[in-house]
Amino acid sequence: MEATLNARNLVIGVVVLALVGVGGFYAWTHYGPGAAPAASSDPALAGLPAPVDSPFAKVMDGDMVLGDANAPVTFIEYSSLSCPHCARHHKEVLPLIKKNYIDTGKVKLVVRDFPLNGPAVQASLLAHCVSPLAYWGMTEQLFATQAQWVNDQSLPILAGMAAAAGINGQDFQQCLNDKAAKDKIIASAENADKAFKVDSTPTFIVNGIVVKGEKTYDEFAKIFDAVAAQAH
């Protein structure tokens, strides 16, 4: 399914919907329009665009980062917690990347918000409401239970997940009303649009190279190895 999305209008719209309790949906996407390929002698990078020279291709203040800060490869993921393609990536591909690249100090993962509907905004606010250490576990739980809460009755289910994490109903409501957190989510989507023309999820940035859509572990491994070799 393809669509082109205006990041600011989309995210502001779904934040408003989430605040008024409306569960309307926007179509989430998989692949977006590709960029012009860069010439490369490495087959692993053939067909991928040239690296984007942007500060957002690196770790920014406030980013959620997993792995060694000195890892030579920065692997940025723009995802929506309501996106089934993102959930499959987290279930089937990311564990292998974590084991073989993140835990070994070769790659650091940065996850940034690009929510595509009201429930995804609510889920992102919940994920950022827990402690930074608990963020990763909450994110994985939200992806794993996606089929249960991505609907027009998302709030009660998310509230139950919050309660299980030690966040009572009043605190959960405060999480949903957190203006700073909402502004950060909006900024994440705006910057993704401006810097990398992100219009679909998942979209990955590997040392500035935009990689759109799902990829297998083997495909990512080849990209990581090729990029790491160029970094030295």
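A: **One residue and its surroundings**

His89 is part of helix H2; helices here are DSSP runs of H or I with at least four residues, strands are runs of E with at least two, and both are numbered from the N terminus. The model is predicted, so local features need pLDDT of at least 70 and side-chain atom pairs count only at pLDDT 80 or more, while totals for chains, interfaces and linings use all residues. Residues are numbered from 1 along each chain as its sequence is written, and side-chain values use heavy atoms, with hydrogens and water left out.

Is His89 buried or exposed? His89 counts as buried because its relative accessibility is 3%. Buried means under 20% relative accessible area, exposed means over 50%, and partly exposed is the range in between, with a 1.4 Å probe and protein chains only.

Leaving aside residues up to four places away in sequence, His89 touches Phe75, Glu77, Leu94, Pro95, Ile97, Phe204, Glu214 and Phe220. Contact here means heavy atoms within 4.5 Å. For a distance across the fold, take Phe143: it is 54 residues from His89 in sequence, and the two C-alpha atoms are 9.6 Å apart in space.

H2 covers residues 84–102 and H9 covers residues 217–231; their axes come within 10 Å and cross at roughly 35°. The axes are lines fitted to C-alpha atoms, for helices over the stretch in contact, and the angles run from 0 to 180 degrees between N-to-C directions. On the H2 side the contact uses His89, Val93, Leu96, Ile97, Asn100 and Tyr101, and on the H9 side Tyr217, Phe220, Ala221, Phe224 and Asp225. By class, these residues are eight nonpolar, two polar and one charged. In this scheme Ala, Val, Leu, Ile, Met, Phe, Trp, Tyr, Cys and Pro are nonpolar, Asp, Glu, Lys and Arg are charged, and the others, Gly among them, are polar.

H3 (residues 118–129) and H7 (residues 169–176) pack at about 115°, with their axes 9 Å apart. That angle makes H3 roughly perpendicular to H7; the cut-offs are 65 to 115 degrees for roughly perpendicular, under 35 for roughly parallel and over 145 for roughly antiparallel, with the rest oblique. H3 and H7 also cross in the right-handed sense. Gln122, Leu125, Leu126 and Cys129 of H3 meet Asp171, Phe172, Cys175 and Leu176 of H7. The contact of H3 with H7 has six nonpolar, one polar and one charged residues.

Beyond the helices, one stretch of loop deserves a look. Most residues other than glycine have a negative phi, and most peptide bonds are trans. Lys197 lies in the loop between H8 and S4 and has a positive phi, near 55°. Lys197 is exposed because its relative accessible area is 62%. Pro202 is in the loop between helix H8 (179–196) and strand S4 (203–206), and the peptide bond from Thr201 to Pro202 is cis, with omega near -5°. Between S4 and strand S5 (209–212) comes Asn207, with a positive phi near 45°. Asn207 is partly exposed, at a relative accessible area of 25%.

Now the whole chain. The protein has nine helices and five strands, in the sequence order α-β-β-α-β-α-α-α-α-α-α-β-β-α. Of its 232 residues, 48% count as buried. Among contacts between residues at least 6 apart in sequence, 77% join residues at least 24 apart. The accessible surface, computed by the Shrake-Rupley method with a 1.4 Å probe and, for residues, with only the protein chains shown as cover, comes to about 10700 Å², and carbon and sulfur atoms account for 56% of it.

Conventions: Left-handed = near helix turned anticlockwise from the far one by under 90°.
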